[in-house]
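Have the structure open while you read.

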Amino acid sequence: MDFAPIFIFIAAAAATVFAALLVNRLIAPHKPDPIKLTTYECGEEPVGSPWIRFNTRFYVIALIFLIFDVEVLFLFPWAVNLKSLGLFAWIDMAIFITILGVGLAYVWAKKDLEWIKPSMGDIETIQRLEEQNNA
Amino acid sequence: MIALEPYLDLIISVVYVVGIVLFLSLFALFATWLERKVAGHIQDRLGPMETGGWHGWLQPIADAIKLLIKEDIIPAAADKKLFKLAPYLVFIGSLAGFAVLPFAANLIGSDLNIGVYYVIAVTSLVVIGILMAGWASNNKWSMYGAMRSAAQMISYEIPVALSLLIPVMMAGTMSMVEIVDNQAGGFWNWYVFRTMPFSLIAFVIYFWASLAEVNRAPFDLPEAESELVAGYFTEYSGIRWAMFFLAEYGDMFVVSAIAATVFLGGWYAPFPFLDIIPGPIWFIGKTAFLVFVQMWLRWTLPRLRVDQLMYVCWKIFLPFSFANLLLVGLWVVLKG
């Protein structure tokens, strides 16, 4: 029964959005035309598709997030029962966190936490492209 | 006459939910007005003054009516199904968070025994909604905004969860009501002051990380007006856009209310003799104060860069949160 109000909250949220959109549909004007329906790109014709390949650093961040989020999942039951479990459970978790800490240190040392990570190769490529453009 | 008795719980829940939706709408209206006033006074101007006479108090009502009668535009290139679904997800994620906020000992949607965990889980729904909105808009600004927002929100979820673990550890429960009850009897019993300085550090980390969670300045890169137009909701207009806005103000309230619950004694007064003032007033007062601080910060601090954002999260908040967690854990164990 504890979760029944949660579902009522979710239903109420959906109903609120639906009601607002319905009222809008009934009283707002609706006059679409092709120019109005173009994608906004600062007044220019849209160039290319935004559905492009994204930088892999987003992927790396997602992976690191996943690891630590799973860890947090394990931490919650531990935190609730820590008082009754005592020092042994604390040492257990300290070892667990240390292992993940080593993982964090590895990612840190590999510079995967840096958002901007140009290697010398990249810089040389950029310089070469600039020279080609200038020529 | 139909026997109402078996449905009494259900009826009470429905009435409560309707009350919360009204409360959220009123709060969002008041907060937009307050935000403009705070912004105005910080920048040495007055903000809205005309509508309604007294300090422009009718301005948010006028804005709401304007949004309601505006044309709803869905770009021809958009993925229409996902475009329409996104505001639902974002708003559900925001309103569902209200279900476990304890306005008073008996004034709570549902006192789940996994309260704190539930809030972290359900507010993650907002990330999916934002990513969906950005992708479905088929617009470059939206796409960049959504990708940044997702990266930022998932990164900062970890410091948020780790800081919330500290009051959970000290109370030995995840139920919001029980956590507040453990902080009864004056401000010196509030968790923020209990294990100086560790819980204070946890509170500060939670507050900063929660700003990033709700995309507020100085972490408002996803909707950085000066470079991304409006971020993930660039293509949304009228009432559909207003739903994102409402959800954003709802999220501001939820994260502040959680801070007030687990760190600042929830519905209890700072001094025991002040408990004659009803609990909900204290609870909403503490939350409103934190919301005000969020606005204050927005108009005081410049926006961070993406690399600074990631630096703060992974290299400062995360190691400090872990150290904090272990130290408070040791304190809890040794104190018994």
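How much area do domain 1 of chain B and domain 2 of chain B bury between them? The points below start there.

1. Together the two domains bury about 1900 Å², with 82% of it on carbon and sulfur atoms. Buried area here is the accessible area (1.4 Å probe) that two parts lose on being put together, summed over both.

2. A word on the ground rules: this is a predicted model, where local features need pLDDT of at least 70 and side-chain atom pairs pLDDT 80 or more, while totals for chains, interfaces and linings use all residues. Residues are numbered from 1 along each chain as its sequence is written, chains are lettered from A and ligands numbered from 1 in the order written, and side-chain values use heavy atoms, without hydrogens and water.

3. Domain 1 of chain B runs over 1-69 and domain 2 over 79-335, with bounds from an automatic or database domain assignment. Their C-alpha centres lie 20 Å apart. The contact (heavy atoms within 4.5 Å) takes 18 residues from domain 1 and 26 residues from domain 2.

4. Look at Tyr16(B), Leu24(B) and Glu35(B): they supply 31% of the area that domain 1 of chain B buries against domain 2 of chain B, more than any other three residues.

5. Glu35(B) also forms a salt bridge with Arg298(B), the closest N and O atoms being 3.4 Å apart. The count between the two domains is one salt bridge, meaning a side-chain nitrogen of Lys or Arg within 4 Å of a carboxyl oxygen of Asp or Glu.
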